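Subject: Structure for you to look at

Hello,

Here is the structure I promised to pass on. Please open it first, then read my notes below.

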Amino acid sequence: MFVAGVYSRGKTAIRFVKSGAKINSEYYIQHVLKPLFKNDIRKLFPGELINNVVFHHDSAPAHSSGITQEWLRNSGIKFIRKNTGWVIALTWPPWIFV
């Protein structure tokens, strides 16, 4: 399994998930979200552009857990919250909208 993103301003690094890894909130935050926002998103959306980023991911348990949602809030990352009532077209990529 791997994690990668393609956006209007470029692409992220490909991050491979270790075989047999349990993808819980802690793994998702440490190995996906932190590197994604520290290394990729800030480069793709420099300066004030970062303020236009709204992160979206699917409702997998590691994505929608209270721990992950709290980390995103505490990190100042705008994101589409679980149970907001938003309807997202299934054809939209579940990553970042600007």
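The notes that follow go from the whole chain down to single residues. Please keep in mind that this is a predicted model.

**Overall layout**

The protein chain has 3 helices and 6 strands. Along the sequence they come in the order β-β-β-β-α-β-α-α-β. Of the 98 residues in the chain, 35% are buried. I also looked at contacts with a separation of 6 or more: residues 24 or more positions apart account for 57% of them. The accessible surface of the chain is about 6,600 Å². Carbon and sulfur atoms hold 58% of that surface.

**Helix α3 and its buried side**

Start with α3, which spans residues 66-74. Its buried residues are Thr68, Gln69, Trp71 and Leu72. They lie on the same side of α3, because they cover an arc of only 160° around the axis.

The face turned away from the buried side carries Ile67 and Asn74, both exposed. Just after α3 comes glycine 76, which has a positive phi of about 75°.

**Threonine 68**

Threonine 68 sits in α3. Its relative accessibility is 0%, so threonine 68 counts as buried. Which residues does threonine 68 touch, beyond those up to four places away in sequence? The list is Ser25, Tyr28, Ile29, Leu33, His57, Ala62 and His63. One of these partners, serine 25, also makes a polar contact with threonine 68: the two side chains are joined at 3.4 Å.

**Serine 25**

Serine 25 belongs to helix α1. Its relative accessible area is 9%, so serine 25 is buried. Setting aside neighbours within four places in sequence, serine 25 contacts Ala62, Ser65, Ile67 and Thr68. Take alanine 62 from that list. Serine 25 and alanine 62 are 37 residues apart in sequence, yet their C-alpha atoms are 4.4 Å apart in space.

**Histidine 63**

Histidine 63 is in helix α2. Buried or exposed? Histidine 63 counts as buried, because its relative accessibility is 14% and the cut-off for buried is under 20%. The histidine 63 side chain makes a polar contact of 2.6 Å with the side chain of aspartate 58. Leaving out residues up to four places away in sequence, histidine 63 touches Tyr28, His57, Asp58, Thr68 and Gln69. Two names on that list, Thr68 and Gln69, are also among the buried residues of α3.

**The salt bridge**

How many salt bridges does a search of the whole structure find? The search finds 1. Aspartate 40 pairs with arginine 15, and the closest N and O atoms are 2.7 Å apart. This pair links distant parts of the chain, with aspartate 40 in helix α1 and arginine 15 in strand β4, 25 residues apart. Both partners fall under the cut-off for buried. Aspartate 40 counts as buried because its relative accessibility is 10%. Arginine 15 counts as buried because its relative accessibility is 17%.

Strand β4 covers residues 15-16, and phenylalanine 16 lies in it. Phenylalanine 16 has a relative accessible area of 64%, so phenylalanine 16 is exposed. Phenylalanine 16 also belongs to a nonpolar surface patch. Phe2, Ile14 and Phe16 make up this patch, which is about 380 Å².

**Arginine 42**

Last, a residue from helix α1: arginine 42. Apart from neighbours within four places in sequence, arginine 42 is in contact with Phe37 and Ile50. Arginine 42 and valine 53 are 11 residues apart in sequence. From C-alpha to C-alpha, arginine 42 and valine 53 are 10.0 Å apart in space.

Best wishes

Technical notes: Residues are numbered from 1 along each chain as its sequence is written. This is a predicted model: local features need pLDDT of at least 70, side-chain atom pairs count only at pLDDT 80 or more; totals for chains, interfaces and linings use all residues. Side-chain values use heavy atoms; hydrogens and water are left out. Patches are made of residues with over 30% relative accessible area and no salt bridge: like charges are joined within 9 Å, nonpolar side chains (Val, Leu, Ile, Met, Phe, Trp, Tyr) within 5 Å. Accessible areas come from the Shrake-Rupley method with a 1.4 Å probe; for residues, only the protein chains shown count as cover. A salt bridge is a side-chain nitrogen of Lys or Arg within 4 Å of a carboxyl oxygen of Asp or Glu. Helices (H or I, at least four residues) and strands (E, at least two) are DSSP runs, numbered from the N terminus. Buried means under 20% relative accessible area, exposed over 50%, partly exposed in between (1.4 Å probe, protein chains only). A polar contact is a pair of N or O atoms within 3.5 Å; within protein, one must be able to donate a hydrogen and the other to accept it, and residues adjacent in sequence count only if both atoms are side-chain atoms. Contact means heavy atoms within 4.5 Å. The arc is that of the directions from the helix axis to the C-beta atoms.
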